[in-house]
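Subject: Handover of a structure with its ligand

Dear colleague,

Please find below the structure that I am handing over to you. My notes on what was found in it follow.

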Amino acid sequence: MKVVVAVGGASGAPYAKRLLDFLAREGPAAGVEVDLVFTTTGRQIWSHEIGGAPDYPFRTWKNQDLTAPFASGSARYDAMAVVPCSAAGLARIAYGVSTDLVGRAADVMLKERKRLVLLLRETPISLVHARAITQVVEAGAFVMPASPSFYSRPTTLDELVDTVVARVLDRMGIPNEVMRRWDGISPHHCGDPTEE
Ligand SMILES: Cc1cc2nc3c(=O)[nH]c(=O)nc-3n(C[C@H](O)[C@H](O)[C@H](O)COP(=O)(O)O)c2cc1C
C-alpha cells in the first residue's frame, strides 16, 4: 500500500517520530511505501521537541511542491495521516484550502474516499475547531485527539506515545503490534472480588 505522512505544526513531534520509526522499520516487509512531507512549522517544532533534522529513507517532499504524485487522485494512494495536525491545518483541510501539498493531499484523500487520519493537537477546543472537526468527519476523515491511554500501563514516554501511534496505524489500515491491546480486566487487577 502507498501512504502519505504529513508532519504539521503542532506540539507532538514525538508522535510523528514513533510513527516514522515504525514505518521505516516495518514498512518495507509489510509492503508499505511512505511519502513524507513537513509543514514549515512542523519541521521547526520537530527540531525543538526532538532535536536535529528528521532523517528517514522515504521520499520527502517540500510542502510547496504540488507536483508530488499524491497531489493527484490518479496516483491512487491508500491512506494519509497528519501527525500531529494543528488547528490551522485542520481548518484548511475542512474547507478544501489546497494551496500547499498537505492541504491538497488531504483534499485528494477526501474526494477519493480514502483514509485520512488527523491527529489533532490543540486544547481547549473552540467552536471554530469543533465546526471544522464536524466538517472533516462528515467528509470521511478520522479526527483523533492526541490523547494517550494508560490501560496498557506504559512505563516510558515511548510506550505512552505508542498508545496513540498504534491507534493511528490502525486507522490507516496498517497492521501493527505497537502497544499491548486491551484484553479485558484480569481478575488479578480487579481489587477485592467480594466488593460490588
Ligand atoms: C512551538 C509551537 C508549538 C505550537 N503548537 C501548536 C499546537 O499544539 N496546536 C496547534 O493547533 N497549533 C500550534 N502551533 C501553531 C501552529 O504551528 C500554526 O498555527 C501554524 O500555522 C500551523 O500550520 P501547519 O500545521 O500547516 O504548520 C504551534 C506553534 C509553535 C511555534
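A polar contact is a pair of N or O atoms within 3.5 Å; within protein, one must be able to donate a hydrogen and the other to accept it, and residues adjacent in sequence count only if both atoms are side-chain atoms. One such case is the side chain of His129, which reaches the backbone nitrogen of Ser126 at 3.0 Å.

Please note that this is a predicted model, in which local features need pLDDT of at least 70 and side-chain atom pairs count only at pLDDT 80 or more, while totals for chains, interfaces and linings use all residues. Residues are numbered from 1 along each chain as its sequence is written, and side-chain values use heavy atoms, with hydrogens and water left out.

His129 belongs to helix 5 (residues 127-138); helices (H or I, at least four residues) and strands (E, at least two) are DSSP runs, numbered from the N terminus. His129 counts as buried because its relative accessibility is 16%; buried means under 20% relative accessible area, exposed over 50%, and partly exposed in between (1.4 Å probe, protein chains only). If neighbours within four places in sequence are left aside, His129 is in contact with Ala87, Leu90, Glu122 and Pro124, where contact means heavy atoms within 4.5 Å.

The ligand

Glu122 also has a polar side-chain atom 3.3 Å from an oxygen atom of the ligand. For Arg92, a side-chain N or O atom is 2.4 Å from a ligand oxygen, and for Ser86 the corresponding distance is 2.7 Å. The protein buries 64% of the 640 Å² that the ligand exposes when taken alone; these areas come from the Shrake-Rupley method with a 1.4 Å probe, and for residues only the protein chains shown count as cover. Two or more residues of the shell around the ligand come from each of helix 2 (40-49) and helix 3 (87-94). Helix 3 supplies the largest share, three residues.

The nonpolar cores

A nonpolar core is a set of buried Ala, Val, Leu, Ile, Met, Phe, Trp, Tyr and Cys residues joined through side-chain atoms within 4.5 Å. The largest one has 31 residues, and Leu23 and Val168 have the most contacts inside it. Among the elements that give two or more residues to this core are strand 1 (2-7), strand 4 (79-85) and helix 6 (157-172). Helix 1 gives the most, with seven residues. Apart from neighbours within four places in sequence, Val168 touches Leu19, Ala81, Val83, Val117, Leu119 and Met144. A second, separate core of 27 residues includes Ala71, Ala75, Ala94 and Leu101.

Backbone features

Most residues other than glycine have a negative phi, and most peptide bonds are trans. Which residues does a cis peptide bond join, with omega of about -10 degrees? Another lies between Thr123 and Pro124, and Pro124 is in the loop between strand 5 and helix 5.

Arg76, which is not a glycine, has a positive phi of about 55 degrees. Arg76 is found in the loop between strand 3 (59-61) and strand 4, and is exposed, with a relative accessible area of 63%. Arg113 likewise has a positive phi, near 60 degrees, and is placed in the loop between helix 4 (101-111) and strand 5. Its relative accessibility is 70%, so Arg113 counts as exposed.

Yours sincerely
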